[in-house]
Amino acid sequence: MTEITRTFDLLDHLVERYPKDDILAGKVAGEWVRYSSHDYYKFAHYLAYGLCEMGLKEGDRVVTMSGNCPEWNFIDMALSMSGIIHVPIYPTLSTENYQYILQHSEAAAVFVSTRMLLGRLRPALEQLEAKPQIYTLAQVDGEHRTLEILKLGIANRDKWMGEIERRKREIKPEDWTTMIYTSGTTGQSKGVMLSHRNLCSNFLAHSQVQPMGSDSRVLSFLPLNHIYERSMNYHWQYKGISIYYAESLGTIQQNMHEIQADGFCAVPRVLEMVYDKLYAAGKDLSGLRKKIYDRAFTHGSHYDYSGLRKFSPMYLVGQKILDRLVYSKWREKFGGKRLIVITGGSSIQPRMVRIFAAAGINIYEGYGLSETSPVIAVNDPAHGQVKIGTVGPILSGVEVKFGDDNEILTRGPHVMMGYYKDPEYTAQVIDPDGWFHTGDIGELVGGKYLKITDRKKDIFKLSAGKYVAPQLIENMLRESEYIEQVMVIGENEKQVAAIISPNFNTLHYWALKHKMHYRDNAELISLPQVNEKIRKVLEVYNKDLAPHEQVKQFRLVVDEWTQNNGLLSPTLKLRRAPLMEKYKDLVADIFGKDKPAQNAFFSAFKSIELPTMPWQKKN
């Protein structure tokens, strides 16, 4: 039996233990194209032979820029067994970021999936002195195709097979295999160097905490260039779970139906959008149907994973009735099965987890960073160790302790090798005892379950000296159906305030019900009735906050915060610096109400001509 110590060991593992016909699948011209375990093994090896023939050497860096597809895995495994460093990048970065990554990584070649993505990358490529080789997955006129490398490998199989087998034998678990450029929110990205041991120790550990087996199918749609989705893909492959790649974010529901999926990975923002659609569906109902639909949300908000025995007989009867009338209909939208959903990247609202769980869409939250390969903690349904509102128990093989300020520190085989070409910054985050400083603040609930309270760098102090953890408050406020996104502010100010992007679907429905008239969203958020409604929403949540944490002022904005406009990171976290810059006038309006009068006073004071004092007179 193959021992998994290098990522490419998965290929032998699959052929030996899970020789199935659809280990990977993607859509071509509207039809699912399935690849068997043997296909996967064969194509990865042929590509490796082709990489040798085209002159790539061990230690070279190769960039991939692609959507999710089976071919991404073929390239990943070919690079891994060839000793070439895989550098996957987001397809949504700026030209400046692309240029920086290509130069910093000294990329020898780039695999890009489509003409459109090559068009995004080309301005950066044109500014490089040393230009990498370009290969496209799709047919692009005038460009070399990945298919050519595959054909080279097939034609030169006998020439390079022995060389690849030698490299496979000699590659050690501690060897560098990939570099992940962190998306960050400010400054240049850092190249996180990860070894085979980093990746394998981590996915082997978290593969043990979920109950799906080799008879399951999952849909993959989060970017594979992100270490979270990539590690989950390794996890699924290790367990022999079939991975189907969604055509796009817009086809997720359709693709879930087609494959009768058992699960997927998501970030909270995706789940929030699903929740909003389900909630909005109830607004068109009336009478008894609406009462039942609304009851499904109220009932679900009390659900828990700890076992139905804790609930009253009336609750259990209600669960059966609502499952038949409402929850089963929700599941049908995703293919009909009870689902396993893993989420991470940022906090998810506990109320949302409970409601989805009541409907058989079981969400399990985890936590980690690119620098930790990535999982540090995750809820564990396989062993009944799940607590809503936390990111679960510490992963097996991972050490965690807390700094003096409750910063989460971690040590173990999952901690990165370091930042590429940046030993100084590496030394800042990994101390001499090997503890990686995450920059996140947390605590253990019940001595077992890790709870993230905030980012260390995001915590701010009010002028009175009180500390505020904005993410905790933001996550709480986003539970409201009226709030789509929110940024809590107030550093060095007297009180906490917020910039709020409302949920306009909910707000339109509320305005219609109250017979309000407006031309557009800009006029809607300027109406006193709307601002009073949001103020009352905030009052409800303020009751659960300490006095110094309560949101005293707010401003509404019409903008949607997205990756495309730079206000959310690629992992859908708030990019606070760009948000603060965009709304600097609103921030000044919130906190600077008394400043104009103060400035006018000082201006008037400075304009007064004072008499000349005796000591100022010249002799």
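**Figure 1. Lys-42 and Asp-39 sit about one helical turn apart in helix H2.** Three residues separate the two positions within helix H2 (residues 37-53), so Lys-42 and Asp-39 are about one helical turn apart. In this predicted model, their side chains meet in a salt bridge, with N and O 3.9 Å apart. Lys-42 is partly exposed, at a relative accessible area of 34%. Asp-39 is partly exposed too, with a value of 21%.

**Figure 2. A salt bridge joins Glu-258 to Lys-27.** The closest N and O atoms of Glu-258 and Lys-27 lie 3.0 Å apart. This pair links distant parts of the chain. Glu-258 is partly exposed, with a relative accessible area of 35%.

**Figure 3. Arg-354 and Asp-304 form a salt bridge.** The N to O distance is 2.9 Å. Arg-354 lies in helix H14 (residues 350-358), whereas Asp-304 lies in the loop between helix H12 (287-300) and helix H13 (313-332), so the pair ties together parts 50 residues apart in sequence. Asp-304 is buried: its relative accessible area is 16%, and the cut-off for buried is under 20%.

**Figure 4. Five residues are linked in a network of salt bridges.** The members are Glu-58, Glu-163, Arg-166, Arg-167 and Glu-170. Side chains of opposite charge can pair when their charged atoms come close. Across the structure, the salt bridges number 40.

**Figure 5. Strands E23, E24 and E25 form an open sheet.** The three strands follow the order E23-E24-E25, and their pairing is mixed. Strand E23 (483-489) and strand E25 (551-556) are the edges, each pairing on one side only. Neighbouring strands are turned against each other by 30° on average, direction ignored.

**Figure 6. Strand E24 pairs with E25 in the parallel sense.** Strand E24 covers residues 496-502. Five bridges connect E24 and E25. Ala-497 has Gln-553 of E25 as its bridge partner.

**Figure 7. Helix H16 lies across E23 and E25.** This helix spans residues 470-477. Helix H16 runs at about 155° to E23.

Definitions and conventions: Residues are numbered from 1 along each chain as its sequence is written. This is a predicted model: local features need pLDDT of at least 70, side-chain atom pairs count only at pLDDT 80 or more; totals for chains, interfaces and linings use all residues. Side-chain values use heavy atoms; hydrogens and water are left out. A salt bridge is a side-chain nitrogen of Lys or Arg within 4 Å of a carboxyl oxygen of Asp or Glu. Helices (H or I, at least four residues) and strands (E, at least two) are DSSP runs, numbered from the N terminus. Buried means under 20% relative accessible area, exposed over 50%, partly exposed in between (1.4 Å probe, protein chains only). Two strands pair if DSSP finds at least two bridges between them. Axes are lines fitted to C-alpha atoms, for helices over the stretch in contact, and angles run from 0 to 180 degrees between N-to-C directions. Contact means heavy atoms within 4.5 Å.
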